[in-house]
Amino acid sequence: MEADDSGFEITQQQGAWVVRMWWPVGPVNGGPQRITIEPAEDAPAREVARGISTTVLRRLDVAAALELAKQAPEAQRTLEEVAGKLNGMGGAAGLALEGEGVSERYLALLVATYTAMADFGAPAPIPWLARLICRRPETVKDHLKRARRDGFLTTVAGKAGGELTDKAKAVLEEMTEAASQGGWTT
């Protein structure tokens, strides 16, 4: 494995070919973003002239490369940093719920945390979020439905997450401005 400031690369050799799979710096939660296949330095010219076969492609071990990438110290550090930030965001949503009930600020914080968890690739964002706000998963689901109904979150069919709407972004921006001026805090 090779790593630099932009990401990490896992190299495999398949016959006459060298395969490089690259992931950007950040949480590793899926396949590589780039695969490069080039002739090996010692590859027979005859093999190279035939080109890359489907057999070479079928033999790529993306799963093994993914596991190696997940174990990279850079990936582990990033994973811990992102999880810490998400825990903080969820905690802020919990404080807002405790102090204000199901308010616009709470819903904006909830959907911001939820979409960040989904984008991070969290396998179970709702139970994680439920633990952070000290509520049952069913309650979180109801609050997310309300957030969608009230225009804070879009729907992505069959998948966790969605997109923050302009309404949610405006509420979050107001909160940030108020906090910077010594107003509302979590």
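The discussion below moves from the whole chain to single residues.

Trainee: What kind of model is this, and how are its residues numbered?
Mentor: This is a predicted model, in which local features need pLDDT of at least 70, side-chain atom pairs count only at pLDDT 80 or more, and totals for chains, interfaces and linings use all residues. Side-chain values use heavy atoms, with hydrogens and water left out, and residues are numbered along each chain as its sequence is written, from 1.

Trainee: How many helices and strands does the protein chain have, and in which pattern do they follow along the sequence?
Mentor: Helices (H or I, at least four residues) and strands (E, at least two) are DSSP runs, numbered from the N terminus. By that rule the protein chain has 8 helices and 4 strands. Read along the sequence, the pattern is β-β-β-β-α-α-α-α-α-α-α-α.

Trainee: What radius of gyration does the protein chain have?
Mentor: The radius of gyration is taken over C-alpha atoms, and the globule rule is 2.2 Å times the number of residues to the power 0.38. The C-alpha atoms fill a box of roughly 70 × 35 × 30 Å along the principal axes. For 186 residues, a compact globule would have a value near 16 Å, but the protein chain has 22 Å.

Trainee: What percentage of the residues in the protein chain is buried?
Mentor: Buried means under 20% relative accessible area, exposed means over 50%, and partly exposed lies in between (1.4 Å probe, protein chains only). Among the 186 residues of the protein chain, the buried share is 36%.

Trainee: Among contacts with a separation of 6 or more, what percentage joins residues 24 or more positions apart?
Mentor: Contact means heavy atoms within 4.5 Å. Of the contacts in the protein chain with a separation of 6 or more, the share from residues 24 or more positions apart is 49%.

Trainee: How far apart do the centres of the positive and negative side chains lie?
Mentor: Lys and Arg count as positive and Asp and Glu as negative, while His and the chain ends are not counted. Each charge is placed at NZ of Lys, CZ of Arg, CG of Asp or CD of Glu. The protein chain has 21 positive and 25 negative side chains, and the distance between the centres of the two sets is 8 Å.

Trainee: Which residues of helix 3 are buried, and what arc do they cover?
Mentor: In helix 3 (residues 62-71), the buried residues are Ala65, Leu66 and Ala69. They lie on the same side of helix 3, because the arc that they cover around the axis is only 100°. This arc is that of the directions from the helix axis to the C-beta atoms. On the other side of helix 3, the exposed residues are Ala63 and Gln71.

Trainee: Where is Cys134 found, and what is its phi near?
Mentor: Cys134 is in the loop between helix 6 (125-133) and helix 7 (137-149), and it counts as exposed because its relative accessibility is 61%. Most residues other than glycine have a negative phi. Cys134 has a positive value, near 60°.

Trainee: Is Ala130 buried or exposed?
Mentor: Ala130 lies in helix 6. Leaving aside neighbours within four places in sequence, Ala130 is in contact with Arg135, Arg136, Pro137 and Val140. Because its relative accessibility is 2%, Ala130 counts as buried.

Trainee: Which residues does His143 touch, not counting those up to four places away in sequence?
Mentor: His143 is in helix 7 and counts as buried, because its relative accessibility is 11%. Its C-alpha atom is separated by 9.5 Å from that of Tyr106, 37 residues apart along the chain. With residues up to four places away not counted, His143 touches Leu97, Val102, Tyr106, Leu107 and Leu110.

Trainee: What distance separates the C-alpha atoms of Arg46 and Ile126?
Mentor: Arg46 lies in helix 1 (residues 45-50) and counts as exposed, because its relative accessibility is 59%. Arg46 and Ile126 are 80 residues apart along the chain, and their C-alpha atoms are separated by 55 Å.
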